[in-house]
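Good morning, everyone. Please have a look at the sequence and the model on the screen. Then I'll walk you through some of its features.

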Amino acid sequence: MVSRVIPVETFDLVIFGGTGDLARRKILPGLFRRFRAGQMPAQSRIIGAARSELDTAGYRQMIADAVAEFGGDESNDKKSLQDFLDRLDYVTIDAKGEGGWATLAGLVRQDVVQAFYFSVAPSLFGDLAERLHTHKIANAKSRIVVEKPFGRDLETARALNQTLATHFHESQIYRIDHYLGKETVQNLMAVRFGNVLFEPLWNNHYVDHIQITVAETVGVGGRGAYYDKSGAMRDMVQNHLMQLLCLIAMEPPSQFGADEVRDEKLKVIRALEPVEPHHIVRGQYDATTDEPSYRNDAENPRSFTESFIAMKCHIANWRWAGVPFYLRTGKRMKARSSEIAVVFKDLGHSIFDDDQARHRNILSIRLQPNEGMDLQVTIKEPGPGGMRLIDVPLDMTFAEALGDDAEDVTDAYERLIMDVIRGNQTLFMRGDEVEAAWGWTDPLIVGWEARNDVPKLYDAGSAGPEDAMMLLHRDNRKWRDIKV
Ligand code: NAP
């Protein structure tokens, strides 16, 4: 049975920071793809807003260039691109001043879906929220979209939540974590809750451990000074990796509704145990002959900030008691690869001579590149010569399973923006979730700062520091290979 696609209503989408990197690289090329897919009703409009002195023609040219650079093959469709550009407006506006707000008030309609994307520094969120109200632009049905970082600790996240709550109800606030917009992440829920096969095995009776890896090959390069105030824990674990962990570990929600799903995710965060210091490995990438070290990139020769972190976590509930969740993320690693691996337990007893311990079922969920899933199963090696067992992947890669339809695997940003327009908050973080996540990470950060923990150096192009290997080795386990 094919599910119904929920139609999109006519909308006005205002992108504050419409001239910025995120808007040009992700948001507008993504919207162009949705436009080509017929998901932008005829009267809908996109309004860029920033301080730069541009007129609408200048802004359209800027976005035409951005789509040509970041929009892939789709940008060759000149007719569609022109039609799309015709929907764009631009307002010169200062979040901190009064200039431009009256113009914006005149442009944004009150009788269509209104969405305001805050693609600016979080320090401007309060100014934008306030002026949207004082200038009577936003109404009780408007939606606002906010980007990471959502605070840098519990205190700042709480303050940000309170600022937004002064002007908007929680049901109007869409906190983006683009990992949740990935096709595979949603497919993970479909596979878990749409099949009879997995859910009975999804617990400490059958799962040995779970690994979540988000590896990047890039260093912190041009944004080293910014990154140095954050580090891998704040930049990746507190949001992306914890969100993935929640989706893997949560109880089945009663239905696939925004609050039902988010209630279950929140319970997981609240059940996370504090992590022992010796179960955390922090690292910094070293220099190579061609590339600078982390400290060089960060322009901070005494930096203690981690560009890599690996940790072993436990969830204190009936389902997961005793099952380690190993998380790891880092920059300048051997491949750009994100994967969740559910490693099932060994067979209790093998009837074959073959060393059964070598054969394990592993469900691998790949987020990038090549989004897809495979389930490693053990079969007989074909041919004569007795019963020899081999492991083969049951491949659920979208391109192979879905043929031409797989080409429509939508980018995370465009999917999430369309969810905003549809008013579906399921794939967005709720305020209490974000606070609970900081509530778990804060003491870990405070702990290593108090210990003056020095990150271990690791070779660029490796899988991280040796101590990260030992974290699993001590448990008689090993990390999955990081590969494309
Ligand atoms: P950016 O390239 O520095 O763009 C910032 C935007 O804000 C520009 O359009 C700038 O335009 C506008 N702006 C700055 N001050 C303003 C003011 N007082 N009033 C109105 N507009 C103002 O930053 P970005 O990379 O696009 O990031 C935007 C937000 O997304 C940040 O919170 C960032 O942390 C988050 N984010 C970005 C990425 C990414 O890949 N880039 C990924 C995840 C999250 P004018 O200078 O013309 O005003």
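**A patch, a helix and some salt bridges**

Let's start at the surface. I351, F352 and M387 form a nonpolar patch there, with about 310 Å² of accessible area together. Patches take residues with over 30% relative accessible area and no salt bridge; like charges are joined within 9 Å, nonpolar side chains (Val, Leu, Ile, Met, Phe, Trp, Tyr) within 5 Å. The areas come from the Shrake-Rupley method with a 1.4 Å probe, and for residues only the protein chains shown count as cover.

I351 sits in the loop between β11 and β12 (362-368). I351 is exposed, at 69% relative accessible area. Exposed means over 50%, buried under 20%, and partly exposed in between (1.4 Å probe, protein chains only).

A word on the model. It is predicted, so local features need pLDDT of at least 70 and side-chain atom pairs count only at pLDDT 80 or more, while totals for chains, interfaces and linings use all residues. Residues are numbered from 1 along each chain as its sequence is written, and side-chain values use heavy atoms, with hydrogens and water left out.

Next, helix α1. Helices (H or I, at least four residues) and strands (E, at least two) are DSSP runs, numbered from the N terminus. α1 has 16 residues and reaches 22 Å from first C-alpha to last, close to the 22 Å expected. The expected span is 1.5 Å times one less than the number of residues. α1 bends by about 30° at I27, and a proline, P29, follows within four residues. That bend is the angle between axes fitted to the seven residues ending there and the seven starting there. Buried residues of α1 include I27, P29 and R33.

Now, which residue does R33 pair with in a salt bridge? With E414, the closest N and O atoms being 2.6 Å apart. A salt bridge puts a side-chain nitrogen of Lys or Arg within 4 Å of a carboxyl oxygen of Asp or Glu. This pair links distant parts of the chain: R33 is in α1 (residues 21-36) and E414 in α13 (residues 412-422), 381 residues apart. Both are buried. By this rule there are 41 salt bridges.

R131 and D127 make another, at 3.6 Å. Both lie in helix α5 (residues 125-134), 4 residues apart, about one turn of the helix. R131 and D127 are buried too.

Last one: D481 and K334 meet at 3.0 Å, N to O. D481 lies in the segment after α15 (466-473) and K334 in the loop between β10 (325-330) and β11 (337-344), so the pair ties together parts 147 residues apart in sequence. K334 is partly exposed, at 42%.
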